[in-house]
Structures are given as structure tokens and as C-alpha cells.
Amino acid sequence: MADMITGGCEIFSALDRISNLPVHQLGRWPTPLESIDHPTLGQVFVKRDDLAGYGGEARSGVKARKLEGLFGHMRARELTQLRMPLGNITNLGSALIREAGALGIDVKLDLVDDPPLRPAIRRALHEGYIDHAALSGPSYAAAAFRLGWNYLRDWLVQAPSLCVPPSPAHPSAMAGVTRGYLEMVDQSKSQFGTVPGVVYLASASGTSVAGLALGEALRRAAGDPPVRIVAVQVVPEPLRLWLPILFASTIRFLRLTRIPHPRVEVVAWREHTVYGRFTATHEAICRRVGNDFGLAIDPFYGAKSWDVMERLPSLINGRPPLFWHCGYTPNWHELASELRM
């Protein structure tokens, strides 16, 4: 009994610690939690992080949660330079540069040519922040080597910098997404008297998934019913390989003990795992979801997780499923001829 009491105290202490981490406010929180009536799935919750009011056309969504944690961490540690690789399909670049500049943080982006684009289109896509970036080739392995080299060089000269993998995949960013999960649970209980049975979201780097899964593990340990976190993989690299690393780094960063190990179910269908590419089917899903439910999603991420939600109803366990609207790439129509498979 004493162990149970001690473990419970540690869980609530951990939840309090996450809620009180340094944050630099970017988004408008809480984002709405909506309910739609799906013709085959019934009631479906939609977490509208696309309405956070940050980034490209204010639709960057969950990225605002990650950057709030990252910038809060950097300000607390007085770090003044950020190095990060970034792919071609992003609505993050210009907003990231602008906000970091206001905080006195110099951003150096390593722009990986993924998915590959013609040079003129690529430069136009990144035009607003090209002075803060280097246009690199298509290899993330080479980008990782450059990031490691820069980290070593900055460490040797004691530069106040932070080098992070794409997304950004830093524990402070993942903790920002964990706060989003805790926010959703509070809304779900107050609005609908229950928590969802399963959460669907698209994932490339795994950062958002790791943050949600950590939140689920903490709330489960605190007595909530289990929620299945379903990650729809949108990259060819196996997400299962680095999710444990993301979990471990965040748990260590937060100094958490006595928590259940976070659990994620990864769905990796071939038609979804070509990064930055999409099919006519994905475009049709975007149109249908917009027409039927008034939700603007893109074919890179949202359409793929929506597709899995509709085609795997066996994952739903009696409580409503939740579609996590992570954000939206507003200019995807302009790139359709280049990126359609």
C-alpha cells in the first residue's frame, strides 16, 4: 500500500512538473475539442491544433506546442543559437525564424532536399528565410553528420547553442506535446464525460507521438482508462526504431520515475510512407473531409491518418476515436503537380 501511495504521489508530482516547465507562449490554448458525426464510425472527437493561430497562415498547429517548450528551455538556459535540419514540406520555417529573432536566438537551418524538388521551386518555397539556411542534398544521414559536427564544434568553443534533430526532436518540445494531451483529457472529460478510446495522428519524426504517448502513460498511471495512441507513419524509415529513444530522452530530461512505459501502435502502409508525396486518393480524402466536416487537412499528413482511422475501425474500443488535427500545409495545392505520385 505504501508503494502505491508513493507511486501515486510521484505521478502527480510528474504531471505538475510538466505543467510548470518553462514555456514561451506562441499558440492560443486550449485549442477546441470538437465532436463530429461520422457516417460509419459514429461520434469522432477532433482536436483542433490547426486553430492554434501560429505559423504558415496560422495553421502550423502542434508545432507551436513543440516550439513553446523548446524556446522556453532555451531562454531558461540562455542559449542563443539553434541548429536544426528541416525538410522541404514544412510550414514552420518563416515563423520559426521570426519568433526566434524576437528572442535573440539565431537559427541555422539545414534544408534537406526531401522530397526532392526542382531548384527553382525549392528556393521559392524557402524564400522567406533562405538567409538563415543552407540548401543541402536529400540525405538525412549527411544532415545528421553535419549536426553532430556542429554540436561538437559548439561544445569545444562553449558556444551557447542547441543542436536538435528535425521536428524539433528535443525533450522540451515533446513535453510541450504532453501538455497538449493533458489539455485534451481535461476537455474531453468536461465536455463529453469520457476520454477517447484511440487517438490517431500522422507522424514523421515521432516527436508529437512520443509527447502524446507520454501524456497517456502518465494519465493512465493516475487512474484514467487506457487510450490507444496510433501513429500513422508517413516516412519510409521505421518509426518503431527511434520512438524508444525519444521516450527515454524525455523521461530522463523530466527526471520521471515509476511511470508505465509509453505505448504506441505504428501503422506503416506503403501508400502512406513516401514522405512528402501523395496520391489522388489522398487528395480525394482532403476534399471529402472538407466538404463533409468543414476540416481543412493536407495530403501529406492529415489525409493519411484520416484514412487509417476510417479503414481500421477494429482499433476503436467502445469510446469515441479522436483525430488529432496536427496542422495544415496551406500551399499544398501549388505543389500538387510536383509531389503527386
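Phe293 and Trp306 are both buried (buried means under 20% relative accessible area, exposed over 50%, partly exposed in between, with a 1.4 Å probe and protein chains only). Their ring centres lie 5.6 Å apart with planes at 45°, so the pair is tilted. Rings of Phe, Tyr and Trp (its six-membered ring) pair if their centres lie within 6.5 Å; planes under 30 degrees apart count as stacked, over 60 as edge-to-face and the rest as tilted. Phe293 belongs to helix α9 and Trp306 to helix α10, so this pair ties together parts 13 residues apart in sequence.

This is a predicted model: local features need pLDDT of at least 70, side-chain atom pairs count only at pLDDT 80 or more, and totals for chains, interfaces and linings use all residues. Residues are numbered from 1 along each chain as its sequence is written, and side-chain values use heavy atoms, with hydrogens and water left out.

The whole structure holds 5 aromatic pairs. Two of them are set out here.

| Pair | Centre distance | Plane angle | Type |
|---|---|---|---|
| Phe278 and Phe300 | 5.4 Å | 70° | edge-to-face |
| Phe293 and Trp306 | 5.6 Å | 45° | tilted |

Phe278 and Phe300 are both buried. Phe278 sits in the loop between β9 (265-267) and α9 (280-293), and Phe300 in the loop between α9 and α10 (302-311), so the pair ties together parts 22 residues apart in sequence. With Trp332, these two form one aromatic cluster.

Helices (H or I, at least four residues) and strands (E, at least two) are DSSP runs, numbered from the N terminus. Helix α7 covers residues 207-221. It has 15 residues and reaches 21 Å from first C-alpha to last, close to the 21 Å expected at 1.5 Å a residue (1.5 Å times one less than the number of residues). Of its 15 residues, 14 are buried, so α7 is largely enclosed by the rest of the structure. Gly223 follows, with a positive phi near 115°.

Helix α3 spans residues 93-102. Its buried residues are Gly93, Ala95, Leu96, Ile97, Glu99 and Ala100. They pack against α2 (62-77), β3 (81-86) and β4 (106-111) (contact means heavy atoms within 4.5 Å). After α3 comes Gly104, whose phi is positive, near 75°.

The surface is next. Trp149 lies in helix α5 (residues 140-156). At 49% relative accessibility, Trp149 counts as partly exposed. Phe145, Trp149, Tyr151, Leu152, Trp155, Leu156 and Val157 form a nonpolar surface patch, with about 880 Å² of accessible area together.

Key:
Patch = residues over 30% accessible without salt bridge, like charges linked within 9 Å, V, L, I, M, F, W, Y side chains within 5 Å. Areas by Shrake-Rupley, 256 points an atom, 1.4 Å probe, with all protein chains shown as cover. Salt bridge = Lys/Arg side-chain N within 4 Å of Asp/Glu carboxyl O.
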